[in-house]
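Welcome! Have the structure open and follow along.

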Amino acid sequence: MNEIKIFSPATVANVSCGFDVLGFCLDTIGDEMIIKKTNKKGIHITKIEGYDLPYEAQKNVAGVSALAMLEDAKPDFGFEIEIFKNIKPGSGVGSSSASAVGSVFGMNELLGKPYNKTQLTNFAMKGEALASQCEHADNIAPAIFGGFTLVKSIAPLEVLQLPTPKNLFAVIIHPQIEIKTSESRAILPKKIDLKDAITQWSNVGSLVHALHTNDYELLSKSLTDVVVEPFRSQLIPHFGDVRNAALENGALGCGISGSGPSIFSLCFGNENAQNVAKAIRNVYSKTEIPFEVYVSKINTEGIKILNTNA
């Protein structure tokens, strides 16, 4: 193989109660990337479509993660990267992680798959850190592993794959405003009350148990964030109205996707998801803010190959 085209999916991080550790993978939103072997050593970004992003490898998250892998693999050739960006940067559904994951996944395939999923996650974290000023894997892990993931540890990196209930659907509303991850992290408190910490880790444990037991009622009770959402929700126009509309129309839970401004709802079944999508669309239709709404099954496969060329 000398060339590979891949689909690198959008993801939802935090999942309400799991700040920086929980995430899940989406099926209907994602970037496409083409990775090619080239005789010219190094990493060369040759095409970017969709959004205005840097071509210099050291300034592009896909390039930074690719350079980290290249330094470790030391092949006697280089790679060209083409990025077809469908996920708006700063949208809250893992735009930077999709780029970071796509380059290393494609390179790994062209190298003969010397690295496992955890190692790929480690390389991709280097690119993600360029966007958010810190290494974290809550978006990267679900994009690589698929489904729900829990990042047990960063150093050493340990990712746990969690089960995905088969009737679980996600609804995403993306207000067309940008919230930078670095800025949304800056507003968070350095200390929290012990009672809030207890509530939060209780919800994380309950959510993990709910996923393992297909307990949708418990899952619904667990999707509450008392630590991060009270601060970040202030940056998202009409967040409370969207959340109320989703819950009133049967959503299991509703929260901020990553650092926002996207808002996710988890729903039982496609019919309920479509009803929730309609309700939250109605909320934003009354504002002057442009927006997109997506309905997606949970993507249990993660990043995938679209085609290859010898």
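Let us begin with a pair of helices: helix 2 and helix 3 pass each other in a right-handed crossing. Please keep in mind that this is a predicted model. Helix 2 covers residues 95–110 and helix 3 covers residues 117–132; their axes come within 8 Å and cross at roughly 145°. From helix 2, the contact draws on Ser96, Ser97, Ala100, Val101, Val104, Phe105 and Asn108, which meet Leu120, Phe123, Ala124, Gly127, Glu128 and Ala131 of helix 3. Sorted by class, the residues in this contact are 8 nonpolar, 4 polar and 1 charged.

Helix 2 has another partner in helix 1 (residues 61–73): these two pack at an angle of about 35°, and their axes are 7 Å apart. This crossing, of helix 1 and helix 2, is right-handed. On the helix 1 side you will find Val61, Ala62, Ser65, Ala66, Met69 and Leu70, and they meet Ser96, Ser99, Ala100, Ser103, Val104, Met107 and Asn108 in helix 2. By class, the contact of helix 1 with helix 2 has 8 nonpolar, 5 polar and no charged residues.

The crossing of helix 9 with helix 10 is right-handed. Asp241, Val242, Ala245 and Ala246 of helix 9 make the contact with Val276, Ala279, Ile280, Val283 and Tyr284 of helix 10. In this contact there are 8 nonpolar residues, no polar ones and 1 charged residue.

| Helix pair | Axis angle | Axis distance |
|---|---|---|
| Helix 1 and helix 2 | about 35° | 7 Å |
| Helix 2 and helix 3 | roughly 145° | within 8 Å |

Four strands form an open sheet in the order 8-9-7-10, with antiparallel pairing. Its edges are strand 8 (253–256) and strand 10 (291–297), each of which pairs on one side only. On average, neighbouring strands of this sheet are turned by 20° against each other, direction ignored.

Look at the pairings one by one. Strand 7 (residues 168–175) runs antiparallel to strand 10, and 7 bridges join the two. Here Pro175 stands opposite Phe291 of strand 10. Strand 8 and strand 9 also pair in the antiparallel sense, over 4 bridges, and Gly253 has Leu266 in strand 9 as its bridge partner. The hairpin of strand 8 and strand 9 has 6 residues between the strands, and in it Gly258 takes a positive phi near 60°.

Helix 9 and helix 10 return at this sheet. Helix 9 lies across strand 7, strand 8 and strand 9 (263–268), running at about 160° to strand 8. Helix 10 packs on the sheet as well, where it touches strand 7, strand 9 and strand 10, and its direction makes about 15° with that of strand 7.

One last stop concerns charge. Side chains of opposite charge can pair when their charged atoms come close. The structure holds 7 salt bridges, and one of them joins the side chains of Asp20 and Arg185 at 2.7 Å, N to O. Asp20 lies in the loop between strand 1 (3–13) and strand 2 (22–38), while Arg185 is in helix 5 (residues 181–186), so this pair ties together parts that are 165 residues apart in sequence.

Note on methods:
Residues are numbered from 1 along each chain as its sequence is written. This is a predicted model: local features need pLDDT of at least 70, side-chain atom pairs count only at pLDDT 80 or more; totals for chains, interfaces and linings use all residues. Side-chain values use heavy atoms; hydrogens and water are left out. A crossing is left-handed if the near helix is turned anticlockwise from the far one by less than a right angle, and right-handed if clockwise. Contact means heavy atoms within 4.5 Å. Ala, Val, Leu, Ile, Met, Phe, Trp, Tyr, Cys and Pro count as nonpolar, Asp, Glu, Lys and Arg as charged, and the others, Gly among them, as polar. Two strands pair if DSSP finds at least two bridges between them. Axes are lines fitted to C-alpha atoms, for helices over the stretch in contact, and angles run from 0 to 180 degrees between N-to-C directions. A salt bridge is a side-chain nitrogen of Lys or Arg within 4 Å of a carboxyl oxygen of Asp or Glu.
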